[in-house]
Amino acid sequence: MDDSAELLLDVKDVLEERKSRILVKSIGGCDGGGIRCDRETIAGSISQRACVYCGARVVLNPITDAVHLVHGPIGCASYTWDLRGSLTSDSNLFRNSFSTDLREKDVIFGGEKKLAAAIDEIIEGYTPRPKLIFVYATCVVGVIGDDIEAVCRQKEAQHGVRVIPVKSSGFVGAKPMGYKLACGALLELMGDAKQEQKPGVNILGDYNHGGEIWIIEGYLRKIGVNVVARITGDSSYEQLIKAPSATLNIVECSGSMAYLSQQMEKKFGIPSLKVRFIGYQDIKSSLVQIAEYIGGQELVDRALRLVEQEEARVEPIISEYRKKLAGKTAAVCVGGTYKAIAMIQLLKEFGVKTVLIGTQHGSVEDYRVINDFSVEGAVIINDTSPTEIEKYVREFKPDLFVGNVKERTLALKMGIPFVDFNHDRKYPMTTYEGMINFIRELDLTSNSPVWKWANTDPLV
């Protein structure tokens with residue numbers, strides 16, 4: 001990191017309009033006024049953000065016994081089919097991809113009849129009968145003006161099955177708007193009536209990658225905390241309609257679930273608590289806070305005993321890998337700031353310095369936290385573009401890159417060891433069990449001998 005401040009102030013390769021969205025720790029941002037965020041993408045910066053429909057489907061698709069019907073061209077359905085790889089403990093209905101497959105003729109004359117026919121076919125053709133159908137509007141549906149709300153109302157009344165429209169045409173905003181629309185659909189499903197509350201939590205914003213939500217549920221069960229609903233990893237219709245009876249919402253991915261938790265507090269009086277199950281510090285803090293809220297000191301004592309037992313179990317394994325990673329540096333590029341904050345903390349626990357942090361979305365407060373947690377001279381980028389990632393990776397030359405599928409090819413082409421922390425992983429990387437998996441993968445990847453032969457500058 002020597003001379004990094006002078007190096008990083010050289011932003012000549014970044015678009016002029018983008019400079020205010022890049023923050024350098026301790027310098028106060030390239031324009032001296034902190035980071036500019038929570039704004040629309042600047043044209044020409046080749047943002048890595050996904051669309052509104054994608055955001056809505058990310059949130060709702062893990063509801064396992066629901067039908068997810070995409071009203072639009074077939075590509076919208078196929079390119080987002082099972083996009084998160086969430087695991088299920090029961091129904092596999094959500095793994096099917098349904099689409100109205102709109103064609104040129106439908107774009108001219110309208111697709112409402114096709115949508116109505118698709119809903120009829122699904123309800124009458126499946127045994128057992130689906131209890132819940134989400135109908136996603138795509139860009140073309142918004143342009144031609146199909147009234148999907150009217151079709152959904154009519155079919156719901158005709159069949160006695162919940163049919164909920166999600167008006168997720170791409171031009172109504174960016175991916176966070178899709179999150180909000182999905183949360184709106186969940187609120188519609190829950191209804192307005194208050195339910196008798198019993199001590200218990202809803203888990204919001206865990207999508208059950210590699211079975212992570214099952215491990216978290218296990219922790220909560222051991223300390224005596226009941227889980228009412230999972231929203232939405234491994235969730236179901238029956239769970240969701242009971243969600244208003246919980247006494248606390250614990251929120252993992254606040255980016256996708258902030259709106260739902262706020263609205264559930266207004267409608268049902270359920271407070272929320274932000275939690276993270278990534279790394280020693282955050283797991284302990286989260287379990288203790290949950291226990292404190294639900295059951296007082298007795299549950300807190302149980303939580304602390306669980307933490308002590310788990311840390312004693314995994315630390316001998318972690319410490320061996322930590323020795324192999326000591327002194328390494330990392331670039332972290334993920335979608336939401338929740339994950340970025342957790343990742344910086346976790347890598348610090350592993351002895352790895354995060355020198356580059358890229359996210360797609362986040363609030364001023366989120367970036368303030370990232371800045372506080374970051375090492376001196378680290379670069380923080382809002383709404384990252386491949387060009388900017390490449391620029392700072394070349395300058396920092398990190399020992400490893402932790403990111404999403406979108407960054408994988410870029411990192412590998414630049415000869416940087418890459419670890420996927422999102423869609424494609426097949427085992428848990430959060431929780432204590434996940435810490436072992438993650439640090440093992442960091443070691444195997446970054447210390448692999450294959451990198452001795454990698455070309456770290458593909459342009460040469």
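**A parallel sheet, its helices and the cysteines**

In this predicted model, strand E4 (residues 132-137) runs parallel to E5, and five bridges join the two. Within this pairing, Tyr 136 is placed opposite Val 166 of E5. Helix H2 (residues 52-60) packs on the sheet. Its contacts fall on strand E2 (67-71), E4 and E5. The direction of H2 makes about 165° with that of E4. A further helix, H8 (residues 175-190), lies across E4 and E5. H8 runs at about 155° to E5.

The sheet as a whole is open and has four strands. Their order is E3-E2-E4-E5, with parallel pairing. The edges are taken by E3 (98-99) and E5 (162-166). Each of these strands has a single partner, so one side of each lacks a neighbour in the sheet.

The cysteines were examined next. A disulfide is a covalent bond between the sulfur atoms of two cysteines. A search of the whole structure returned zero disulfides. Cys 54 takes part in none. Its nearest cysteine sulfur belongs to Cys 51, 5.4 Å away; the cut-off for a disulfide is 2.5 Å. Cys 54 counts as buried because its relative accessibility is 13%, and the limit for burial is under 20%.

Cys 183 was treated likewise. The closest cysteine sulfur to that of Cys 183 is in Cys 253. The separation is 9.6 Å, which is too far for a bond. Cys 183 has 0% relative accessibility and therefore also counts as buried.

Terms used:
Residues are numbered from 1 along each chain as its sequence is written. This is a predicted model: local features need pLDDT of at least 70, side-chain atom pairs count only at pLDDT 80 or more; totals for chains, interfaces and linings use all residues. Side-chain values use heavy atoms; hydrogens and water are left out. Two strands pair if DSSP finds at least two bridges between them. Contact means heavy atoms within 4.5 Å. Axes are lines fitted to C-alpha atoms, for helices over the stretch in contact, and angles run from 0 to 180 degrees between N-to-C directions. Buried means under 20% relative accessible area, exposed over 50%, partly exposed in between (1.4 Å probe, protein chains only).
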